[in-house]
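This report describes the pockets of the structure shown below and the residues that line them.

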Amino acid sequence: MPDVIVLDAVSRVFPTDPPVRALRDIGLRVRRGDYVAIVGPSGSGKSTLLNTLGLLDRPTSGSYLLNGTETTVLGDGARTRLRGREIGFVYQSFHLLPHRTVAENVMLAEVYGGHPRRHRRRRALEALELVGMSHRVDFPPGRLSGGERQRVAIARALMGEPALLLCDEPTGNLDSGNTEAVLDLFDGLHAHGLTLLVITHEDEVSARAGRRVRISDGVLTEE
Amino acid sequence: MDIRDLWAEALAGVLARPVRSALTTLGTVLGITTLVITLGVAATAGNQIVGRFDELTATAITVEVPAGPGGPLVGWDSPAEVRRLRGVTSVSALAQTEESSNLRVTANDLVDPTRVTGQTLAVVAGDPELPRAARGRMVEGRFFDAGHVRRGDRVVVLGDQAARMLGVTRLTGAPAVFIEDRAYTVIGVLGGLGREQVLSTAVIVPPTTGVGLGLRNVTRVLVNTSLGAADLIARQAPVALSPNHHDELQVISPPTPKRARDGVQDDVNGLFPILGLVSLVVGAVGIANVTLVTVMERVSEIGLRRSLGAARRHIAAQFLLESTLIGMTGGVIGAGAGLVSVVAVSAAQRWTPVLDARLALAAPVAGALVGLLAGLYPALRAARMEPADALR
Ligand SMILES: Nc1ncnc2c1ncn2[C@@H]1O[C@H](COP(=O)(O)OP(=O)(O)OP(=O)(O)O)[C@@H](O)[C@H]1O
Ligand SMILES: [Mg+2]
């Protein structure tokens, strides 16, 4: 089976004046089931790297194989389908739709990309059970605590059974208790074989990961 | 993406901000209401006018002939000149004087001699074209022809009311009537008159026969024209009838129905549709504006949807459908309000409302179209966003 992520000499230059070289010649290999923490100071290029890995952004140069597929040559539509199928995202700010219930927010993950409508709610409830949110299924997200919101967002990311979970500061808005709960959840997912990439500032978070890479000024180094 | 999911997402998007969505429909509601009222009232009023100024009156011309000092102004053969004019369908001359209007007429009632059958009736002389020109039909028997006229036969045709008053119901046995104690054979009964209703209570004699009753000169000419020719014929007929004294003739032409109708239609057709269209444009701009604001507010939602696998066209379709739904809602409400208004206006004017079902169906479609057009630019903006920028 191919590695989940193979980056080779990936650069991302934002064409501003002066140009910003957010990623410089990055090489990275992530195997199936890896749990990788990406650390680095603010503005070092962590989010840019995550967007590139999540096919939300295109590298200026270099090669990126996702599950053995060369993504840099794909068109917009193919990248979108691949993203929907292979990748789950978890953000610092949750990105839950305020006017929809918890269950509806989770079900949103199956709206695009040809998933069957049958049993969608059942699958959403299973995902919510996995993150321990079964008791808040029909709540609007506004009534949830920060930790609960992030668990709902994780349930949504798990809904499409992705090969890869990309998390940008998932505990950035949480207190230590909630951070602990989310990290326990990640440990469980890792134990089930999911591939995880987590951007973080916090040592407590990166300490849980099996592997840590540091990025500073767009240059990646293994620790 | 399943089309049902698209519907559900768009509907949820509209219902997420119900007050804003409702306010956004207002412009469209106003525009569609105005247009429906305009079209509905125009159709209703148009129907009224057609009812009042029907084809019959719009094509009837009467020429009154005054008594000329030096002989008759119009001869009995003059109608032939008018008949030649293009657009004339029938012409007839008749004579009626003050004296001939109150003559004593009696019938020899063989069935019931005791019945009082004497009446004071008008006696009118007319040419054989009279039934056609008066737009009547022979209820019994026939009208006199050129032969009767030439020979000066003592025959009469009764108007249907006159026949009833005189008790002449059947023509078998050649009933006679007495005008001033002279007998005339009744050969027909004229009824169903479309114009010149006085004839229904009159006794009609051939011109040659009328001379004996003081009906020497033509006093009136009835002209019928094809639709739209009345104006022209009204100007040409006097000249044809009496080339030398045409300005002494008095022409009574229909009250130009075209103009009466235009008057009403000008009111409803001039200002209101413009108002409706302006409201509709304002409504479209309103929807476009609000949808654009909504798109900007939902940038992170757009980013999220893209990260969940939504293609650009899915984003565009959702916002287009949302603005279309808002426009269509405006159209539905506008159609309802408009139709209610048409009924109310009709009730106030005692008109029969004319409600076109196509109008009720077209209004929501028009509203949806307005919404669709208004949503084009915002949807394009939403679809163009780069997911990485949208999620920042
Ligand atoms: N669209 C853009 N155009 C120009 N410059 C950009 C753009 N996006 C990011 N940058 C720049 O690229 C660099 C890396 O940004 P990035 O968001 O990846 O940092 P980060 O490591 O995630 O920081 P933080 O920890 O604060 O989130 C920064 O200097 C930033 O200003
Ligand atoms: Mg960042």
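The lining of the second largest pocket divides into eight nonpolar, three polar and four charged residues; here Ala, Val, Leu, Ile, Met, Phe, Trp, Tyr, Cys and Pro count as nonpolar, Asp, Glu, Lys and Arg as charged, and the others, Gly among them, as polar. The model is predicted: local features need pLDDT of at least 70 and side-chain atom pairs pLDDT 80 or more, while totals for chains, interfaces and linings use all residues. Side-chain values use heavy atoms, without hydrogens and water, residues are numbered from 1 along each chain as its sequence is written, and chains are lettered from A and ligands numbered from 1 in the order written.

A pocket is an open set of points on a 1 Å grid over the protein atoms alone, where a 1.4 Å probe fits, with protein on both sides within 12 Å along at least five of seven lines; lining residues have an atom within 4 Å of a point. Points are joined across faces, edges and corners, and a volume is the space filled by probe spheres set on them.

| Pocket | Volume |
|---|---|
| Largest pocket | about 720 Å³ |
| Second largest pocket | about 410 Å³ |

Of the 15 residues lining the second largest pocket, A:Leu130, A:Leu158, A:Met159, A:Glu161 and A:Pro162 are the closest to its centre. Helices (DSSP runs of H or I, at least four residues) and strands (E, at least two) are numbered from the N terminus. H4(A) gives the most to this second lining, with four residues.

The lining of the largest pocket holds nine nonpolar, twelve polar and eleven charged residues. H1(A) gives the most to that lining, with five residues.
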